[in-house]
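I opened this entry to keep track of what I looked up. The structure comes below, and my notes follow.

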Amino acid sequence: GVFHAQLTPDKSRRRQGYTSQSDLDGKFVVSLESSTQSHIEADYVWVYFTLNSPMQLDQGKNAYIYGELTGWQLSPDNRMEYNPERKTYEKRLLLKQGVYNYRYVLANEQTGNVDVSHFEGSYFETKNTYVILVYYKPIGARYERIIGYERLSTINKKKRLYRLLNH
């Protein structure tokens, strides 16, 4: 009774040129067409992820699916397994119908280091959104107060910096 969806195989983007496309900054949205209550009406789907890799990673290094869909965590539930016959890393996740942003990361199990650019590359042009909260707790107070809030986008910041430097 559960649906299955095979995604188009992905490949490493590490040595590819930067391209800009709108996304959800690693988040996801449960979505069901023609529904006003997607969160309760959307079905679960087994989604099959495939990452082409000509050879298996060194021992102690693993590939993971990473983003809000995995709770921003590295766990056995989202660790990909290498298939030597197909020369791919593969994993299936049970997800609700919707739109998901994710990335592939490399984790070194001995050191605990996570390399987010191994498969995806590193591009300074990428748009990122940051939320900065400033808290203050007066002496004797029982809670912190938010006294400052700023939402920044790296694209907007670059434009602002460009305007400042060229005036």
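**Order of elements**

I read the elements from the N terminus and got β-β-α-β-β-β-β-β-β-β-β-β-α. Helices (H or I, at least four residues) and strands (E, at least two) are DSSP runs, numbered from the N terminus. The count for the chain is 2 helices and 11 strands.

**How I read the model**

This is a predicted model, in which local features need pLDDT of at least 70 and side-chain atom pairs count only at pLDDT 80 or more, while totals for chains, interfaces and linings use all residues. Residues are numbered from 1 along each chain as its sequence is written, and side-chain values use heavy atoms, with hydrogens and water left out.

**The sheet**

I looked up an open sheet of 4 strands and noted its order as β1-β3-β6-β5, with mixed pairing. Two strands pair if DSSP finds at least two bridges between them. β1 (3–6) and β5 (81–83) each have a single partner strand and stand at the edges, so one side of each has no neighbour in the sheet. On average, neighbouring strands of this sheet are turned by 30 degrees against each other, direction ignored; the axes are lines fitted to C-alpha atoms.

I then checked β3 (residues 44–52) and β6 (residues 88–96): they run antiparallel and are joined by 9 bridges. Trp46 stands opposite Leu94 in β6.

**The whole chain**

I noted that 26% of the 167 residues count as buried, meaning under 20% relative accessible area with a 1.4 Å probe, protein chains only. Of the contacts (heavy atoms within 4.5 Å) between residues at least 6 apart in sequence, 68% join residues at least 24 apart.

Conventions
Buried means under 20% relative accessible area, exposed over 50%, partly exposed in between (1.4 Å probe, protein chains only). Axes are lines fitted to C-alpha atoms, for helices over the stretch in contact, and angles run from 0 to 180 degrees between N-to-C directions.
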